[in-house]
Amino acid sequence: AQPLSEWAFTRHRLYFLTIGLVLLNLPCGSYTEIPPKPPGTVTVLPPVTPAEGPQAFPDAENSNLPVFTMNYARIQVPFEVTLWVLLASFAKIGFHVYHKITFWVPESCLLISIGLMVGAIMHSVHEEPPAVLSYNVFFLFMLPPIVLESGYFIPTRPFFENVGTVLWFAVVGTLWNSIGIGMSLYAVCQIEAFEVQDINLQENMLFAAIISAVDPVAVLSVFEDVSVNEQLYIVVFGECLFNDAVTVVLYNMFNFVAEMPEVEPVDVFLGVARFFVVGLGGMGFGVIFGFVASFTTRFTSNVREIEPLFIFMYSYLAYLVAELFSISSIMAIVTCALTMKYYVEENVSQRSCTTIRHVVKMLGTISETLIFFFLGVVTITTEHEWNWGYIMFTLLLALVWRGLGVLVLTQIINPFRTIPFNFKDQFILGYGGLRGAISFALVFTLPDSIGRKKLFVTTTICMIMFTVFIQGISIRPLIEFINVRRTNRNLETINVEIHSRLIEHTIAGVEDLCGQWSHYYWKDKFLKFNNRILRKILIRDNRAESSIVALYKKLELQNAMEILDTVSGDINAGSSIVSLQYVYPLSHSSACFLSLSLSLSRSLSLACSLSLACSLSLSFSLSLLLAFSLSLSLSLSLSLSVSFCGLVTLSVSLSLCPPGCLSYTSFHIVHPSSLTHYPFNLNRSDGYLRNPEGFGLGSIYQG
Amino acid sequence: MGSTNSTLSKIPNVEELVQETGFTPAHIVRLYDRFEALDKEKTGHLRPQDFGAINRLAINPIGDRIIGAFFSPGQETVDFHSFVRILAHFRPADKKRPKDPSMPEPVNSRTSKLKFAFQLYDQDKDGKISRAELLQVLRSMLEMQVTEEQLESIADRTIQEADLDTDDAISFEEFRKSLEKVNIDHKMSIRFLR
């Protein structure tokens, strides 16, 4: 009863806070974000409100010094932005109070619902919501963080193993969908009963291009919590990121064509050529910026505080430059993140690495929250045109064409895959094609020469709601019901890593034996190129590190943290982790965890710890030695460590251990600058440790 | 096709091979062509030197072990049947095959694949991967990247993780258990051998 009432109280507080915030936001609607609105948008003119905040003493004749003034106009825009962000975030907090809900209903749905409510409130008081989903704001500010997050945390190894399938589905699949839906809709339009005969073929194709693209925001928010098998996940994931190239080309092409009276064959060829420019150009820009970013971080050892900045700036630059040339900006930023991650994480310090990961995640989450929230809000406040026939047929055709597309495409590509997709996988692949905010933003910016623009807007919103709500909610029970192959994300043991590498070498060898090329050949070639040339240029401290060694270090570090956290009172376990002790020159940069050995003996009644730290250098490097000597009998251990100019650290440890004492320990950490920040409460090894992924490590999902 | 049939007739006991390994005749022909290409002296058998002529296999860290896996103990040459039988390990598993306890384990089942991998470690064939054997494999895979002490620590940790009966070696059952969550069929299959 106690916790229940407390909980109820917290809930009530949350409600009040949320309602308070909403009310506070009401007067703000009309002035936020005044971007150049594309002509002919359907927004209602905002009611006139005084241009400045209330004057202090408006009718005061004398000129005494005002004690209390208010100047709202000055802070208006940032203030409102902050409030909206807070409101959306509070909604997010609110959901997680109810654990069960977030399990069954994806967050995107909940956010849209809250947005709908807020939109209803705003509509009833005739206020305009801020134009967050307008073209410029959405594509320049809201979308990049999400795509950066997806690109940064892609599991690279499965991605490269499946890159053919991903591109196949992204390109051919989207084309199939667009053309199929467009044609069928045109056929539907011919039916007189629906009264939509004025939509011609070009407009239908344009609309189809907009709604056929699977949306990364929606898909990721749903698939994140549902653990399907890795192959499926990476194909859906990759498809939604890489179909942007096709969407951009089709959208521009049909937009261009819709304004022209007739289409020439030349335009079709130009369209194809443009596709290659867009796709390859996007990837090319991404790779270039990725390399430049890696190269820059090679020199940032003295400016650690601004290291994360480079990541963000370069990715954003890649995005903007791609937008400048109207090529696929999503692909640019994704490839930039992919390229950058591997090299940058070796160059920057551990703290910067953690910061980068954390900030990327945070920005992505905020963006996603805001997008869904405003999707709900704007749904209510735009003008709609409803047409049963058109909308229902669109929903139906989208499903049908996607299903057909997946079936046909899988049949063609299965022979080329090592693990073919079975029917259950295909079903989830088809069913997981959610549409989202990108379609919405695109449809909003359709030129007004298209007569039925409102109908398109309404249909798009219906499509989004349908896929996000119905498909999003039902996909989890469906996956369990049809028993799709799931994945186990917890594969980090040293055994698995070593044996996997052995198997890889074996397969490569046998393939050579059979005279067969496969992607192992290319992978090998690339790795050699990487080691010989790229790493030398882009990484400051070029020591090639096998994934086995990297994983070993990571696991040891995790164990050390866990054990340190549980050292207390009665500990019974007598596990021992073997120590690595080696000495070799360290450069300042790498947060290299040298050696760790720790063992606990039984009956820790007397924990006697002796630590001696001695540093002899100008660059403040500390070497910390902790020796735990525990047991009922006597054991003496003495350690001395000396560091020279932060470069070389020598540690000598002597232990006298009479029989009966179970073990002794010595614990070394050497890192020049961030020793004090090896927080011993870093007990969550959830991927925020620098993850030495490289190209060799098995798929380790972050977080 | 004409060439297929003529090649097929050159291979003795084709039907037996097809039965045993599950390869189609077309695959067997392809493998026979490869066998002949490797067998430069046309003796009908392959010797270790023939394998060594494959450049990329020579620089594979465990290339010599892979080659060694083809030769049964005591034999110095490999004939075509043994060649195909070993390669059959790498076929993707047939999902449709019913589990028939009376039939011997198919060559490309998960267990057989695991056994093959196990034998790559266990060179002395005593049924266990000892610490020394593990160290040898690690050394060849990690080459010059790590020091000897690091290697020993990694080997120790590996054994400690997998070793359930504390005999300081990894038996086949422990090996299998440590890989229970890994999709071996995916990792140890070669696409074209379906």
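Contact here means heavy atoms within 4.5 Å. In this predicted model, 51 residues of chain B are in contact with 53 residues of chain A. The area buried between the two chains is about 4,700 Å², with 66% of it given by carbon and sulfur atoms; buried area is the accessible area (1.4 Å probe) that two parts lose on being put together, summed over both. Arg56(B), Arg157(B) and Arg191(B) supply 15% of the area that chain B buries against chain A, more than any other three residues.

The rule finds 1 salt bridge across this interface, a salt bridge being a side-chain nitrogen of Lys or Arg within 4 Å of a carboxyl oxygen of Asp or Glu. Arg157(B) forms a salt bridge with Glu556(A), with the closest N and O atoms 2.6 Å apart. On the side of chain B that touches chain A, 31 residues are nonpolar, 10 polar and 10 charged; Ala, Val, Leu, Ile, Met, Phe, Trp, Tyr, Cys and Pro count as nonpolar, Asp, Glu, Lys and Arg as charged, and the others, Gly among them, as polar.

Confidence is given as pLDDT, the predictor's score for each residue from 0 to 100. Chain A averages a pLDDT of 72, and 68% of its residues score at least 70.

| Segment of chain A | pLDDT | Contacts beyond four places in sequence |
|---|---|---|
| Residues 27-47 | under 50 | 36 contacts |
| Residues 569-703 | under 50 | 280 contacts |

Residues are numbered from 1 along each chain as its sequence is written, and chains are lettered from A and ligands numbered from 1 in the order in which they are written. Local features need pLDDT of at least 70, side-chain atom pairs count only at pLDDT 80 or more, and totals for chains, interfaces and linings use all residues, while side-chain values use heavy atoms, with hydrogens and water left out.
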